[in-house]
Amino acid sequence: MFNFSRAAIGAGIYALTVSGSLAHAQSTSAAVETAVEEEMVCKRIAQAGTRVKKRVCHTKSMWEKMAVKSQEMMQEVKDVGGQSGATF
């Protein structure tokens, strides 16, 4: 049915191996770049009820996301806070 020579099969296997190695090298270099960008940052966070601060570690991007989320929540509290109609 198919008449492939050993050389053609060998060349095909070599091409697949080389392309697979290149893809692996590219994904590895991308992972290294991501790891460099996603460096861990540790902070000491005060806890309620104790004077001992807890060490919390996240990536820089995660700290930024948490800061944005915190700001959004505070803004929502400010916006809704005056509209409740509650008097104290």
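Biologist: What share of the contacts in the protein with a separation of 6 or more comes from residues 24 or more positions apart?

Modeller: Ground rules first: this is a predicted model, where local features need pLDDT of at least 70 and side-chain atom pairs count only at pLDDT 80 or more, while totals for chains, interfaces and linings use all residues. Residues are numbered from 1 along each chain as its sequence is written, and side-chain values use heavy atoms, with hydrogens and water left out. Counting contacts (heavy atoms within 4.5 Å) with a separation of 6 or more, residues 24 or more positions apart account for 0%.

Biologist: In what order do the elements of the protein run from the N terminus?

Modeller: There are two helices and two strands in the protein. These are DSSP runs, numbered from the N terminus (helices are H or I, at least four residues; strands are E, at least two). Reading from the N terminus, you get α-β-β-α.

Biologist: Which element has the lowest mean pLDDT?

Modeller: pLDDT is the predictor's confidence in each residue, from 0 to 100, and the protein averages 76, with 50% of the residues scoring at least 70. Where pLDDT is low, the predicted coordinates should not be read in detail. Strand S2 has the highest mean at 96, and the lowest, 59, goes to residues 6-37, helix H1.

Biologist: How many of the residues, in percent, count as buried?

Modeller: Buried means under 20% relative accessible area, exposed over 50%, and partly exposed in between (1.4 Å probe, protein chains only). The accessible surface comes to about 8,100 Å², with 61% of that belonging to carbon and sulfur atoms. Out of 88 residues, the buried share is 2%.

Biologist: Is the disulfide of Cys42 and Cys57 left-handed or right-handed?

Modeller: The structure holds one disulfide (a pair of cysteine sulfur atoms within 2.5 Å), and here Cys42 and Cys57 sit 1.9 Å apart, S to S. Cys42 is in strand S1 (residues 40-45) and Cys57 in strand S2 (residues 54-59), so the bond ties together parts 15 residues apart in sequence. The torsion about the S-S bond is about 110°, so the disulfide is right-handed.

Biologist: Which side chain does the Thr59 side chain join in a polar contact?

Modeller: Thr59 lies in strand S2, and beyond its neighbours within four places in sequence it is in contact with Glu38, Glu39 and Met40. A polar contact is a pair of N or O atoms within 3.5 Å; within protein, one must be able to donate a hydrogen and the other to accept it, and residues adjacent in sequence count only if both atoms are side-chain atoms. At 3.3 Å, the side chain joined to Thr59 is that of Glu38.

Biologist: Last one: how far apart in space are Met62 and Val41, C-alpha to C-alpha?

Modeller: Met62 sits in helix H2 (residues 60-81) and is partly exposed at 36% relative accessibility. Met62 and Val41 are 21 residues apart in sequence, and C-alpha to C-alpha the distance is 9.5 Å.

How values were computed. Accessible areas come from the Shrake-Rupley method with a 1.4 Å probe; for residues, only the protein chains shown count as cover.
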